[in-house]
Structure formats: structure tokens, C-alpha cells
Amino acid sequence: MMESVLELLGPELYYGALTPALKIAVLLFVGILPVITYLVLAERKILGYIQVRLGPNRVGPWGLLQPIADVMKLLVKEDVIPNRAIRWAFILAPCLVVGPAFVIFAVIPVGPPAAEPGGLDLFITDVNVGLLFIVAMATIAVYGLIIGGWSSNSKFSLLGGLRSAAQMISYEVPQGFALVAALLLAGSMSMVGIVEAQKAAGVWFVFPQFLGFFIYFVAGVAESNRNPFDLPEAESELVAGYHTEYSGMRFALFFLGEYANMIVISAVAVTLYFGGWYRPFPNVEALSFLDFPFLPAGLVAVFWFAVKVFAFLFVYIWFRGTFPRYRFDQLMDLGWKWMIPLALLNIFLTALFKLVL
Amino acid sequence: MTEPGSGAQTLFDLKEMELNFGPQHPSTHGVLRLKLKVDGERIVDCYPIIGYLHRGTEKLFELHPYFQNVPHTDRMDYVAAATNNLAYVAAVERLFGLTVPPRARYIRTLLCELQRISSHLLWLATHAIDIGAMTPFFYTFREREIILDLFEEYCGARLTLNCMRPGGQPFDLTVGWEERCREFIDDFPSKIDEYEGLLTENRIWKKRTVGVGVLDPDVAVDYGVTGPLLRGSGVNWDLRKATPYEAYGEVEFDVPLGKNGDTYDRYIIRMEEMRQSSRIITQCLDKLPEGKIMAHRPRVMKGPKVGEAYAAIEAPKGVLGFYIVSDGKPGPYRCRVRPPSFMNLQVLPEMTRNHLLSDLVAIIGTTDIVLGEIDR
């Protein structure tokens, strides 16, 4: 069937438009959105078990329909825009949070490129400045929080927006520095290239780049506004921070953005430091049963990628069950006084290492 | 005091912003309202506004006979009803000259210490969740539930206990209550270790509490602050030791004291107080005498002699006193309550000045106020 479509459209349209569109649709509606909805449920369940309770278990078996009920509720809820809010900015802000988070998925490889020409690449596109693209896109999301906090015309929202601005300044920098060290090691900015470099080196970059990974992940937690860095929305201090005035689907978009950001941070961490779609120790023959040879290779690749990402998401949830919240000035302290010097040191050591070898 | 809005046209022209914190804010613990003047996130001034939970309890006391007033006290500090009951009945007993039998005194001590634990557990839960640690909330409520079950078994109520009468106790302990209480209290210190494992040495917890909301001992005494707040500043003042009432003179326990008077010290003190309370409960269970639980009272109570009586006890939140004036009628002429939370709230502006907004919730948490008692 695909051949006839190929003939009908011609290769340019087929490879240039149809395949990417289909991939985006599959990624969005089979990948990200269901994962996010069920991530919310998983978070509530895992938190429940951490906190000696059961978590949601009323809607459907084991609460499996809970996320669907939640989404339905948010969809039909009244969408209030405060009278004195700055209307266009108020509407724009949630889009600014969700959009970039989704766009980043375009350059994250969930599996290997096609084995033969004309085959299926398991990513939407492989940009040769992939890493740069991710950093640039991730930065835009913060504007959503700032604009959302400012346009609401509420004091608590404003404080939340201010906090997220401060947080951005403190965390984008060390995060960028941590990534620089990783790409020094890989010698490539393409996400696929970085994964292949790890296979060629025979070691996950988390081992030579432990410091870099640590800084990246801590900064990532801060960037996705999760515990212990959930200051912009600290509910006990700022009611709900920047999204205090949002309701209904607009609030849901912020929510979606937060979880999409969590997945992005995890996926980038997996790609950069944990060998992407490859099984653990891809060069050790004795472990080749982990490739599940009886399954299609693409599926196995996606499986390993997903397993690694979920491990990170679990860590996120674990953090939330364990840590208190940092204070605004302490967070800046941590960023400027510890993480930036450490990240610079890390770049220096990595460069030295590259030079010597 | 200059008006911060004077001459300013927009928010950008203001150096200080006025922020209404509460009464519907998630961490003002009820209906406290704080008028804050903030410079960015720094608190320049803090002005507590109370009265949102005023129910005229002190007036209600005048409308009922002495012996029917106990339920009103339940609703003042609604997370520590037993100690409220005790303070009121102690004042009435002093007015009537009633002597409480030993068994009733021990049962009262038991109930009060259980109440102290449950009150401190609630404080820990909310304090931790204010600072962002979510999990201790559920752990503490697990144990608090057992205490409430014990109360329910004893008197039928879980929160509004109404479990004391002037002259003694209305009920004896139910069959098996002592065993269940002992079972809980033997296990409880290990549960405290569990909470402490999550918080005490946690770097973030320490960063959020050490040096935050420092209360100078002199200031504390000047404002009439009592309870863990006062002891956190190193002032050794615990009515259970200073003027032993009920069975406190016959049991051994220590009064933990802080050094720096900061939020962390007060946290440590309350954790230690829970341990000491378990010690007291164990001793009470060991020593529990047999015998009557109610003093001899005439069938129909007449009013007391004209006069006045004041009784104060160490409630979980500080010194709780009842001052009753009698004009010889069956009900009090005037009943004045000295609630610990009211005095402790007074010092909040002193403690929060020049702190950040995030510290404010930590400090509200550490003062451990209950608005039902402040507004009455």
C-alpha cells in the first residue's frame, strides 16, 4: 500500500511531508499525550505508595480511568479570564509553555536511523545542531511562565513569574555548560551522533561525565519546576504561583507543559548520558539476549529508550515524595555558587581529557 | 507609617507592594489574615488581622452553668480538646474547692499527653507540608489516627472530646484501653525516628529552618510567648514542671530546651516533647491507681461562693489559662481565657521582619497557632 501512495505523491511529497506528518501524529497521539496522562496517574499512585496510602482507585479498575476523567473535567470546566488580565498575553502564555516542550521531541531519537535508504527513521528529524535546538526551545517555555504570571494581574502570580525568571537565569547557564562537556566528548551536536558516539566509545557518557550529568539533571529538575525546585508554583507560599488565575483547559495546558518538560528532560538525559535507544552494554556480546532477537529491532530500541526514560520519571516522582522545597535565594545560591563553577570545572577537565587522549 | 500607595500610579512605581496573605490562603492554618508589606519577596512589615473565627465563646460561658460549659472549650483549640477541658475544669474545681481522686488525675494526664502528641503530630504535618515536604503529612496522620481511635474508644468523640468534668472523669477507661494505648506508645518512638529520618538531617530542611524566625528570649518573654516557642529560645518555663498539676508531679520527664530560638530548634523541641510525652504515658499506665474517678458532688449543684479562680496548664501550644469570676449564680459571671496561640501570634511580626515570603510560611508553621483559640 505504501508503494502505491509513494507513486501517487512522488518521493518528494512522500518523504518530505507525509512521513513526517504521520510520525508527528503517532508521536503525539500514541506517544506523548497518553504517556503524560498516565504519568499523572503513575505519579499519584507512586506517591500514594510512598505515603502509605493507595492513590486513586475509584474510577475504573485500579483507577486506570482516572486520567481520562480528569481530562474530561478540565475540558468542560469554565475557562475564566480575569477582567483586568492582559488578555492576549494571558491566552498566549500556556501555549508558550506547551508548544516548545512538544517541538523538542522532533529532534529526540527514540530509535536508530533507517538501516537501508527509504526505510523508517525512528525520529522525526536529525538536525546537526540538535542539542542547540533543544536548549533554545527549552528557554522559550520559561517566557510562558513569566508572561502568565505577569498578565494575570494578580500579586501571587506576579511573584511566581518573578521566581521563574530568577530560576531560569540561575539554571539555564549551568545546564548549558553541562551539555557543552557532553558534546565535547561526543564530538557531535546531532542527537543521533551523540548516541552513536556512546556506542563507539563502548561506555555511557554518564561514567566519564558523572559531574556533567548530575548538574544537567539537577538543573533539569529546576527547569521543569518540580520538587525540590517547584518555587514558581509553590502552593503553600504563592497559592499556585504563576497559574493561580488559570482555570479549565488553560490550566491543563500548563500542567501538560510541566509533564512534557519532565519527559523532555528525561529523554535528553537518556540520549546524552545513558546510551539512547541501545540496550545496556551494547558492545558486550554475552548480553545480546537483551536485544530480544525475536522482536523487530525498532520495537526493541523504543522499548529500551522508554525504560530508561521511565526510570528518570520515577526519580522525579521520588524526589517529590522525599524533599522539602528550596527557598528562592538558596536556589540562586546553589546555581551560581556551586553549579556554575562545577560545570566550568567539568568542561575544563573534559577538554583536558580529550587533549591528552 | 507612610501609605505605600501614596503618589504611585502603577505597580511599577511602588517600592513596596501590599499583599493580603489569607484568610483563604492554603498555609495560613485556618482563617488568619496577614497584611504584608513586601519589597520583592522580602517582608518589610507584617500585620496579623484576626477575628474571622470569632464565635463569642467567652460570652457563651456566661450563659450556661459551670458544669455545662466543658463542650465550649473543645471548640477553642480544636486540635487539642483534652487540654482545653482540663484548663477549664481545673479552674472550676479551684472555684468549688473540689479534690480530684487519684485515678481521675492519672487518666487526665494520660489524655492530655496523648492530646499533646496528636497536636504536635498535626503541627509537624502542616509545618512540613508548608515547607514543601509532603510525605511526613501522611506518616503523622497514620499515628494521629490511632490516637483519635483511642479517644473515640474512651469518650466517643475524636476531636471535640468533652472528656472531663469538674471534679473528675465522666467515664472509667474501657476494657483493653490500657493495653491498646501501651501497644501504641511502645511503638511510637520508632515512628518519631521515621519522621526525623525524613527531615532532621535533610539539607534542604535545615536550610529552610536553621536561622529562620529567630526569637530572642527577652522578646519572647516580653510578648508573653509560651510553650515550645518560648522553650525554643532557651527559657525554661513549663507549667508541668513549674507548678505540677494532676499527676505531673509524680512522673519523670525532661523539658527540652533550644539554644538559638530558630525554627529548627523549635522543630527539634517538639519532636523531643513527643518522646517525653510517650515517657509520661508509659509511667502513667504503670502507676495507674485503682479507685474512684469522681469527687463527691452534691446531686444538685448550687453556685459557688462569690469569688474568682484562675487555673493555667501547659497546653501543647503553651500556657492555657482560665480566669473565672463568680457572683454566686450557677454560671460564671465572667470567664476569660488566656489562649497560648493569641500571645504566640503577637510575636509573628517580630519574627518575620526582613525574611522572605517563603520563610513566612515556615514561621507561621512553627508558631503552631489555632485560630479557634485566638478568636474564641
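The structure is a predicted model, in which local features need pLDDT of at least 70 and side-chain atom pairs count only at pLDDT 80 or more, whereas totals for chains, interfaces and linings use all residues. Residues are numbered from 1 along each chain as its sequence is written, while chains are lettered from A and ligands numbered from 1 in the order in which they are written.

Nine bridges join β4(B) to strand β5 (residues 318-326) of chain B in the antiparallel sense, with B:Leu320 in β5(B) as the bridge partner of B:Ile313. The antiparallel pairing of β5(B) with β6(B) extends over five bridges, and in β6(B) the bridge partner of B:Ile324 is B:Cys335.

In a regular strand the side chains alternate between the two faces of the sheet. A residue counts as buried if 20 or more other C-beta atoms lie within 10 Å of its own, as exposed if 12 or fewer do, and as partly exposed in between, with C-beta atoms placed from the backbone.

Chain B also holds an open sheet of three strands in the order β1-β2-β3, again with antiparallel pairing. Strands β1 and β3 (42-49) of chain B stand at its edges with a single partner strand each, so that one side of each is left without a neighbour in the sheet. Neighbouring strands of this sheet are turned by 20° against each other on average, direction ignored. Between β1(B) and strand β2 (residues 33-39) of chain B, which run antiparallel, there are five bridges, and B:Leu36 in β2(B) is the bridge partner of B:Leu19.

Taken as a whole, chain B has 15 helices and six strands. Buried residues make up 50% of its 376 residues, and its C-alpha atoms fill a box of roughly 70 × 50 × 35 Å along the principal axes. Of the contacts in chain B with a separation of 6 or more, 69% are accounted for by residues 24 or more positions apart, where two residues are in contact if their C-beta atoms, placed from the backbone, lie within 7 Å.

Chain A, by comparison, contains eleven helices and zero strands. Its radius of gyration is 21 Å, close to the 21 Å that the globule rule gives for 357 residues, so chain A is as compact as a globular protein of that length; the radius is taken over C-alpha atoms, and the rule is 2.2 Å times the number of residues to the power 0.38. Buried residues make up 44% of the 357 residues in chain A.

The domain assignment of chain A, which is automatic or taken from a database, gives domain 1 (1-76) and domain 2 (80-356). The C-alpha centres of these two domains of chain A lie 19 Å apart, and 16 residues of domain 1 are in contact with 15 residues of domain 2. On the side of domain 1 that touches domain 2, α1 (2-50) and α2 (66-76) of chain A each supply at least two residues, and α1(A) gives the most, with 13 residues.

The contact between the chains takes 26 residues from chain B and 24 residues from chain A. On the side of chain B that touches chain A, two or more residues come from each of β1 (17-21), α4 (102-131), α5 (135-155), α7 (203-209) and α14 (357-367) of chain B.

Definitions and conventions. Helix = DSSP H or I, 4+ residues; strand = E, 2+ residues; numbered from the N terminus. Pairing = 2+ DSSP bridges. Axes fitted to C-alpha atoms, helices over the stretch in contact; angles between N-to-C directions.
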